[in-house]
Amino acid sequence: MNTTVLNIRTGDRPVVHDLTRACAEFVQDKSDGLLHVFVPHATAGLAILETGAGSDDDLLRRLDDLLPTDERWRHRHGTPGHGRDHVLPALIPPYASVPVLGGRLALGTWQSICLVDLNVDNPEREVRLTLLPG
Amino acid sequence: MNTTVLNIRTGDRPVVHDLTRACAEFVQDKSDGLLHVFVPHATAGLAILETGAGSDDDLLRRLDDLLPTDERWRHRHGTPGHGRDHVLPALIPPYASVPVLGGRLALGTWQSICLVDLNVDNPEREVRLTLLPG
Amino acid sequence: MNTTVLNIRTGDRPVVHDLTRACAEFVQDKSDGLLHVFVPHATAGLAILETGAGSDDDLLRRLDDLLPTDERWRHRHGTPGHGRDHVLPALIPPYASVPVLGGRLALGTWQSICLVDLNVDNPEREVRLTLLPG
């Protein structure tokens, strides 16, 4: 199967990490099909959004309201509020998929494929890319 | 690859636009596999839900609370509050997928494939349909 | 096509029902590819998250805030507040997908594939599993 694993350093703060370039390099010599992106972690998700114009910060700040970093969570270990990181993947799933045509991602002009990682206790992440035949 | 692009007019108000009929027509002469739907825009998403019984309006009203149309967003251009449209795809992704069997979508009775478009500044949208072999 | 349907009893309370074992059994004798999971119901979703350490309850409690069980919903039938169940699939989609390698799901250590079902009026659910070739 056409698949590879990226190793990403997300550090110790919540981040939206742009994976688009790595995804584009993976598909550039491949046949038409579907790029599937998967994060094998229980406290991260994948989102397709515009980066570099404020929306990545807007997302992180909105998640602070939708999934507050407080003591409400039953899941408790690590940094206080970490329980919210485990609810994140229900709202921002750990998979994403984008058509590939002519060796290029069929993304819109302003779309980037991003790793959303709220977890401040796990600075290293893996991301699996797979090209399914079309 | 088995793929086509729909051109959808979503107008100048937030809408839930039902794509089910167009998707069904696309797959009706195809082999078994997976229908992949993708919106190449940074301010729209795809949702599978019941339409015509109030839930489409319920979704739009709930999004007004979850992603308010106010001045909190760092991303600023176009209509006031437009920044929220750029956070939408993190919660309602720009892709969806449904199995196809015997030339028919394997949807439940009350499920429709819908384009969710909050953006009032971009009345024309593209949607890419792809049939992956099963 | 490599596909099967699971019949799941979710009962009369909101639940996060772990499907991982059934998914693992489905793929164990299959070639490499992508497992696609689909729920053909308009009031359920699929989430990949850790189970058994509080996060499943955390998710259900958070959904009580994000999608309250009250009279705000235009969609009205069945148990009061049921309208929220029809908005759920926009936030927690009825599909999920996971790479399959060597007959095993390429999940992370703490990830489980779960059916999220808020609907108290429909105790029986179907889930379709499909293996797409890699």
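## Basis of the model

The structure is a predicted model, in which local features need pLDDT of at least 70 and side-chain atom pairs count only at pLDDT 80 or more, while totals for chains, interfaces and linings use all residues. Residues are numbered from 1 along each chain as its sequence is written, and chains are lettered from A and ligands numbered from 1 in the order in which they are written.

## The fold of chain A

Chain A contains three helices and eight strands; here helices (H or I, at least four residues) and strands (E, at least two) are DSSP runs, numbered from the N terminus. Along the sequence, their order is β-β-α-β-β-α-α-β-β-β-β. The radius of gyration of chain A, taken over C-alpha atoms, is 15 Å, close to the 14 Å that the globule rule gives for 134 residues, so chain A is as compact as a globular protein of that length. The globule rule is 2.2 Å times the number of residues to the power 0.38.

The C-alpha trace of chain A spans about 50 × 30 × 20 Å along its principal axes. Of the contacts in chain A with a separation of 6 or more, 82% join residues 24 or more positions apart; two residues are in contact if their C-beta atoms, placed from the backbone, lie within 7 Å.

## The contact between chains A and C

In this interface, 25 residues of chain A are in contact with 30 residues of chain C. On the side of chain A that touches chain C, at least two residues come from each of strand 1 (2-9), strand 3 (33-38), helix 3 (88-91) and strand 8 (124-133). That side of chain A comprises 15 nonpolar, eight polar and two charged residues. Ala, Val, Leu, Ile, Met, Phe, Trp, Tyr, Cys and Pro count as nonpolar, Asp, Glu, Lys and Arg as charged, and the others, Gly among them, as polar.

## How the copies are related
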